Amino acid sequence: RKQGGIWRIMGETGSIPLWVLITLSVVLVLLSMIFSATESAFLSVNKLRVRFLRNKKNKRAVRVWRLLNDKNKLINTLLIANNIVNIALSSIFSFVAIQIWGSAGIGFATFVVTIILLIFGEISPKSVAKEKPESFAMFASGFLKFLMLLFTPLVAFFVLWKKMLKKIFRLDNKDTITGDELINIVDEAEEGGGLDEEESDL
């Protein structure tokens, strides 16, 4: 019965063909890669460079700048999208594993999905995106804007929930700049030509 499970998935009337499940899994892994890379890119992006390109009337840079100015909504959108994709991928693998090996396949499916998401959905895309965050942020900005519109109700709910938590736990929302962050800002200004070496040292 268990050995024939995979053939039932492929051929039984009313069942889901295996090629459909494989195709969906590949698409979901690719989406997970895109979401993770986009998150890493927007968190690592050089705002001075983006602002420079925005002032040059670069349309994608203008879009990235607007998205950066609403970082709360941006991060919530990516978290929602990534979680939906990861849950869907886990469900597909679990379904296939149960059809083949029964309930014993759940553990195997969990292990395989964890490895896939760790390598292809987290480490690899984030490492690549950090190398050229501005380029990737501009590349993904259009798709991200669409997602933000698509998930507007959910994002609004989580933003409201966050505000409620702040009130309940009386969390301070003061923006402060640490010494290391100030040094990074000065270094970026020097690299961009806004400060000379002597001004940077001061």
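Buried residues are those under 20% relative accessible area, exposed ones over 50% and partly exposed ones in between (1.4 Å probe, protein chains only). The model is predicted, and for this reader local features need pLDDT of at least 70 and side-chain atom pairs pLDDT 80 or more, whereas totals for chains, interfaces and linings use all residues. Residues are numbered from 1 along each chain as its sequence is written, and side-chain values use heavy atoms, with hydrogens and water left out.

View 1. Helices are DSSP runs (H or I, at least four residues) numbered from the N terminus, and H6 covers residues 105–131.

**View 2. The packing of H5 against H6.** The two helices pack at an angle of about 145 degrees, with their axes 8 Å apart; axes are lines fitted to C-alpha atoms, for helices over the stretch in contact, and angles run from 0 to 180 degrees between N-to-C directions. Among the residues making the contact are Asn82, Leu89, Phe93 and Trp101 of H5, and Gly105, Phe108, Val112 and Glu122 of H6.

**View 3. Helix H5 and its end.** H5 comprises the 31 residues 71–101, which should span 45 Å at 1.5 Å a residue, in agreement with end C-alpha atoms 44 Å apart. Glycine 102 follows H5 and has a positive phi, near 80 degrees.

**View 4. Serine 25 in helix H2.** Serine 25, which lies in H2 (residues 18–44), counts as buried because its relative accessibility is 10%. A polar atom of its side chain lies 2.8 Å from the backbone oxygen of leucine 21. Beyond its neighbours within four places in sequence, serine 25 is in contact with Leu89, Ile92 and Phe93.

**View 5. Lysine 73 in helix H5.** Lysine 73, found in H5, is partly exposed, with a relative accessible area of 24%. Although 75 residues separate lysine 73 from methionine 148 in sequence, their C-alpha atoms are 7.4 Å apart. When residues up to four places away in sequence are not counted, lysine 73 touches Met148, Thr152 and Val155.

Conventions
Expected span 1.5 Å × (residues − 1). Polar contact = N/O pair within 3.5 Å; in protein donor to acceptor, adjacent residues only side chain to side chain. Contact = heavy atoms within 4.5 Å.
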